[in-house]
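Me: I have a model open on my screen and would like to learn how to read its inside. Could you walk me through it?

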Amino acid sequence: MLTSLFRRRERRRAALCAFECIVERARDRYFYSALGVPDTLDGRFELLALHAFLVLNRLRRDHAETGPFAQALFDAMFADFDRALREMGVADLGVGRRVKAMARGFYGRIAAYGRGLADPAALAPALRRNLYGTVNPREEDVAAAADYLRRQAAALDEQPAASLIAGTVVFAPAETP
């Protein structure tokens, strides 16, 4: 029983480390300055969702080994959203409703970006609808964002599952070399 508790605690710690990597990358100024992502609450959520999708998409490949960690990562992300809403002054009664709406939106993004990686023609519309949902983006920004997403998916595919479930997420450079 103590071993199980220790494993859960270690998994949660690793998930928080992985989420910190996701947050750090999502806050990179590159997205706002070079790709035209709106520097708003919506734009920040979209970048978090995109990077969380990338990591969860990679974890899905080794689901038998990574499933519990993927759930811990998801839980850490939504616990942070809950905390952020409360800090922004959302009333307790409204937090649950908003977090559920965010979760539904996140699941939609996972499906859209997953289709976009499988079918290149579907990626740009998914990015326009989600990442750039509140603005009218330039086509070259959407194309660069699509290229970025594909490069990151490929880089994460090269990372061993053991590193990821230890909380180490290494994204490729944001800008094309």
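Me: Is Tyr 113 buried or exposed?

Reply: Buried means under 20% relative accessible area, exposed over 50%, and partly exposed in between (1.4 Å probe, protein chains only). Tyr 113 has 0% relative accessibility, so it counts as buried. Do keep in mind that this is a predicted model, where local features need pLDDT of at least 70, side-chain atom pairs count only at pLDDT 80 or more, and totals for chains, interfaces and linings use all residues. Residues are numbered from 1 along each chain as its sequence is written, and side-chain values use heavy atoms, with hydrogens and water left out.

Me: Which ring pairs with Tyr 113, and why is the pair called tilted?

Reply: Rings of Phe, Tyr and Trp (its six-membered ring) pair if their centres lie within 6.5 Å; planes under 30 degrees apart count as stacked, over 60 as edge-to-face and the rest as tilted. The partner is Phe 53: the ring centres are 5.6 Å apart and the planes stand at 55°, so the pair is tilted. Phe 53 sits in helix 3 and Tyr 113 in helix 5, 60 residues apart in the chain. Helices here are DSSP runs (H or I, at least four residues), numbered from the N terminus. Phe 53 is buried too, at a relative accessible area of 2%.

Me: How many aromatic pairs does the whole structure hold?

Reply: Nine. One of them joins Phe 45 and Phe 81, tilted, with 5.5 Å centre to centre and 55° between the planes. Phe 45 belongs to helix 3 and Phe 81 to helix 4. Both also belong to one aromatic cluster, with Phe 74, Phe 78, Phe 106 and Tyr 107.

Me: What lies nearest the centre of the largest pocket?

Reply: Rolling a probe the size of a water molecule over the atoms shows where empty space is left. On a 1 Å grid over the protein atoms alone, a pocket is an open set of points where a 1.4 Å probe fits, with protein on both sides within 12 Å along at least five of seven lines; lining residues have an atom within 4 Å of a point. Of the 34 lining residues, Leu 41, Arg 44, Phe 45, Leu 48 and Phe 81 lie nearest the centre. Helix 3 gives the most to this lining, seven residues.

Me: And which residues lie nearest the centre of the second largest pocket?

Reply: There they are Leu 56, Arg 60, Ala 70, Tyr 107 and Ile 110, out of 13 lining residues. Helix 3, helix 4 and helix 5 each give two or more residues to that lining.
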